[in-house]
Amino acid sequence: MKIFTVVGARPQFVKAAVLSRAINQTDGVEEVLVHTGQHYDANMSKVFFDEMDIPSPNHNLQINGGTHGRMTGRMLEGLESLLLEEAPDVVLVYGDTNSTLAGALAAAKLHIPIAHVEAGLRSFNKRMPEEVNRILTDHVSRWLFCPTQVAVENLKSEGFVQGKALDVVNVGDVMNDAIQYYSTKLDSKKSHLPNLPEKYILTTLHRQENVQDIERLTALVKGLNQVHNEIAPVVLPLHPSTAKTLANSGLKLDAHLIEPAGYYDMLRLLKGASLVVTDSGGLQKEAYLFNKFCITMRDQTEWVELIENGVNELVGANTELLVNSVSEKLNFELPFSQGLYGDGHAGEKILSHIMSH
Ligand code: UD1
């Protein structure tokens with residue numbers, strides 16, 4: 001069996017690492033790995049392939065930047081040619097990026113069955129490009145691998161019915177697999193982090209709805225500066241697109257700004273943090289998996305079980321809510337119930353499911 005995997009953006013490299021390892025250890029299955037090029041800086045891409053032992057991509061389309069339509073359209077064209085050339089049995093896509101949608105759409109048009117990992121998530125906000133990408137990808141997929149029961153229920157309410165040519169399965173979250181596996185190697189890996197304060201708040205900020213809306217960005221920068229100057233130091237690995245917008249807007253973030261961190265350094269940062277403040281999807285789960293409270297700078301989250309379990313709070317782009325939430329939650333004892341994201345074997349389950357169907 002030949003699996004054609006499409007990746008392009010940072011969180012997909014982490015997820016693909018889990019499946020690629022499972023595929024490599026299994027007889028009778030071969031992977032063709034395609035990088036769309038969406039993320040291209042070494043510290044947004046190459047570092048993950050190196051650190052997580054992901055095989056080098058068989059093809060790199062080197063498509064990045066530009067408007068969403070142009071980026072997605074160029075990827076669609078490039079992926080279609082590769083699919084015709086490689087003639088795979090299955091196309092495997094992850095998450096909700098433009099690379100995910102382009103991979104799914106190219107495969108659907110060629111009638112190649114699609115496996116979507118991280119299916120069924122919804123923010124119910126169609127202004128987010130990720131929401132559009134994930135809804136469309138789910139609706140053309142053959143296998144919908146859900147990370148949670150909430151995701152399964154979302155699909156049910158959209159009319160997905162389990163059937164002969166449609167599988168909706170809760171396998172758990174591959175990011176949990178990644179943390180469990182790579183944590184065991186952490187001590188032997190070199191850190192590239194600069195010296196950091198002993199106690200700090202780990203923050204990331206890159207969502208389009210925050211970074212490209214100057215009003216929201218101004219409110220968040222103001223809040224983070226207040227947190228950093230008055231409550232506790234903020235350590236922020238800065239996404240290149242946020243760096244560009246900040247430079248162009250003249251806004252100044254007072255935090256400890258560091259380069260985007262590789263996978264192991266991110267595990268270290270999570271381990272050492274007192275609290276996580278983010279607008280990333282993945283980091284919300286990673287905070288939970290490291291027993292840290294997470295304050296989410298968004299109006300909705302796909303990971304509603306974190307809110308229901310009292311370990312995540314939405315503050316939108318509201319300066320006052322952000323600052324108040326940080327002061328309240330900094331030394332908060334967490335009511336953790338582990339197990340929201342499966343047992344750390346999502347990768348094997350996904351592969352054996354595809355192979356047996
Ligand atoms: C993308 C995904 C988002 C995911 C995020 C993870 C979409 C619609 N969004 O958002 O779901 O959470 O990746 O990081 O696919 N840039 C660089 N170097 C890089 C990568 C990006 O300079 O290595 C800059 C470019 O100017 C680019 C901009 O960042 O145009 C935005 O990158 P893009 O891939 O469009 O979106 P992300 O914000 O990274």
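## Exercises on a predicted model

An oxygen atom of the ligand sits 2.8 Å from a polar backbone atom of Asn98. The model used here is predicted.

**Exercise 1.** Find which residues hold polar atoms at 2.9 Å and 2.7 Å from an oxygen atom of the ligand.

*Solution.* A polar backbone atom of Asp41 lies 2.9 Å from a ligand oxygen. Step 2: take the side chains. An N or O atom in the side chain of Lys244 lies 2.7 Å from a ligand oxygen. Step 3: look at the cover. The ligand alone exposes 750 Å², and the protein buries 87% of that.

**Exercise 2.** Describe the shell around the ligand by its residues, classes and helices.

*Solution.* Step 1: count. The ligand is surrounded by 23 residues. Gln38, His39, Asn98, His239 and Lys244 are the closest. Step 2: sort by class. The shell has 10 polar, seven nonpolar and six charged residues. Step 3: locate helices. At least two shell residues come from each of α1 (10-24), α3 (68-86), α5 (129-140) and α10 (240-249).

**Exercise 3.** Describe the second largest pocket by volume and lining.

*Solution.* Step 1: the volume of this second largest pocket is about 210 Å³. Step 2: its lining includes Asn125, Arg127, Met128, Pro129 and Gln208. Arg298, Asp299 and Gln300 also line this pocket. Step 3: by class, its lining has six charged, four polar and two nonpolar residues.

**Exercise 4.** Classify the ring pair of Tyr182 and Tyr264.

*Solution.* Step 1: the whole structure holds nine aromatic pairs. Step 2: the ring centres of Tyr182 and Tyr264 are 6.1 Å apart, with planes at 75 degrees, so this pair is edge-to-face. Step 3: Tyr182 belongs to helix α7 (residues 174-183) and Tyr264 to helix α11 (residues 263-272), so the pair ties together parts 82 residues apart in sequence.

Note on methods:
Residues are numbered from 1 along each chain as its sequence is written. This is a predicted model: local features need pLDDT of at least 70, side-chain atom pairs count only at pLDDT 80 or more; totals for chains, interfaces and linings use all residues. Side-chain values use heavy atoms; hydrogens and water are left out. A residue is near a molecule or strand if one of its heavy atoms lies within 4 Å of it. A polar contact is a pair of N or O atoms within 3.5 Å; within protein, one must be able to donate a hydrogen and the other to accept it, and residues adjacent in sequence count only if both atoms are side-chain atoms. Accessible areas come from the Shrake-Rupley method with a 1.4 Å probe; for residues, only the protein chains shown count as cover. Helices (H or I, at least four residues) and strands (E, at least two) are DSSP runs, numbered from the N terminus. Ala, Val, Leu, Ile, Met, Phe, Trp, Tyr, Cys and Pro count as nonpolar, Asp, Glu, Lys and Arg as charged, and the others, Gly among them, as polar. On a 1 Å grid over the protein atoms alone, a cavity is a set of points where a 1.4 Å probe fits but cannot get out, and a pocket is an open set with protein on both sides within 12 Å along at least five of seven lines; lining residues have an atom within 4 Å of a point. Grid points are joined across faces, edges and corners, and a volume is the space filled by probe spheres set on the points. Rings of Phe, Tyr and Trp (its six-membered ring) pair if their centres lie within 6.5 Å; planes under 30 degrees apart count as stacked, over 60 as edge-to-face and the rest as tilted.
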